[in-house]
Amino acid sequence: MSRKTFARALAAASLLCASAASHATFVVYNTEASFLAAVSAPGTDTFSGFLVTGTTPSPIVRTAGAYGYTASVDSSTFFGAGTVADPWLSTNEALANITFNTFSPAVSAIGGFFFGSDINGQFLPGISITLVATDADGSLIETISNSTENSFRGFVSTGPLTSLTVTAVQPSSPAWPTVEDLTLAEARAAAVPEPESAALLLAALGLMGTMARRRRN
């Protein structure tokens, strides 16, 4: 085997080994369609039945399809936004954060529509929303600038999801963080190495063992 061929085999082996040892990371999707294409068995909580005319004590336990989760607000209560026909999850205090956690074990993806609402619980244009997605290996911060009712973000991890926190970046007048149609799902299974790649890995490892013996002799 030539040095060039060996180098290629060694590079392929290194990539495969690195892939196997990689940590969980997030992939962010900006549209609902692309997010749904990257996950399996999605379930959506439309917040049906959520009170839109008053406060709701925090935390609340909800379901999205087959998945369970908890939503909580720090130092505040929830306050419904939107309409009875199309309720949104929001806070009673503008500076409060919404945190989703305690997901069912299979959940490794979360998405939804994130924007700001006014004191009357109606959509407020031009508000930036900060999202912090966390899994066992760390957090990813994503900011939606000038959010609209169609501002979607989806996070897909290779490991179990720990939490998602939603915050409204305050403009000159108060804005309340608001969530619509929260979707939980499982990430699609990662692709396994092709037979040719696996054979190349074994060949490279075998060759490295042979060269080591030659050097010792």
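**View 1. S128 sits across from V169 of strand β15.** S128 and V169 stand opposite each other, the latter in β15. This is a predicted model, in which local features need pLDDT of at least 70 and side-chain atom pairs count only at pLDDT 80 or more, while totals for chains, interfaces and linings use all residues. Residues are numbered from 1 along each chain as its sequence is written, and side-chain values use heavy atoms, with hydrogens and water left out. Strand β12 (residues 127-135) runs antiparallel to β15, and eight bridges join the two. Strands here are DSSP runs of E, at least two residues long, and helices are runs of H or I, at least four, numbered from the N terminus. Two strands count as paired if DSSP finds at least two bridges between them.

**View 2. Strand β9 pairs with β15 too.** Here β9 (residues 98-101) meets β15 (residues 161-169) in the antiparallel sense, over four bridges. Look for I98: its bridge partner in β15 is V166.

**View 3. T165, a buried threonine in β15.** T165 belongs to strand β15. Is its side of the story buried or exposed? T165 counts as buried because its relative accessible area is 18%, and the cut-off for buried is under 20% (exposed is over 50%, partly exposed in between; 1.4 Å probe, protein chains only). Its side chain makes a polar contact of 3.4 Å with that of T99. A polar contact is a pair of N or O atoms within 3.5 Å; within protein, one must be able to donate a hydrogen and the other to accept it, and residues adjacent in sequence count only if both atoms are side-chain atoms. Leaving out residues up to four places away in sequence, T165 touches N97, I98, T99, T130, L131 and V132, where contact means heavy atoms within 4.5 Å.

View 4. Beyond four places in sequence, V179 touches F47, W88, L89, I98, F100, F113, F114 and V166.
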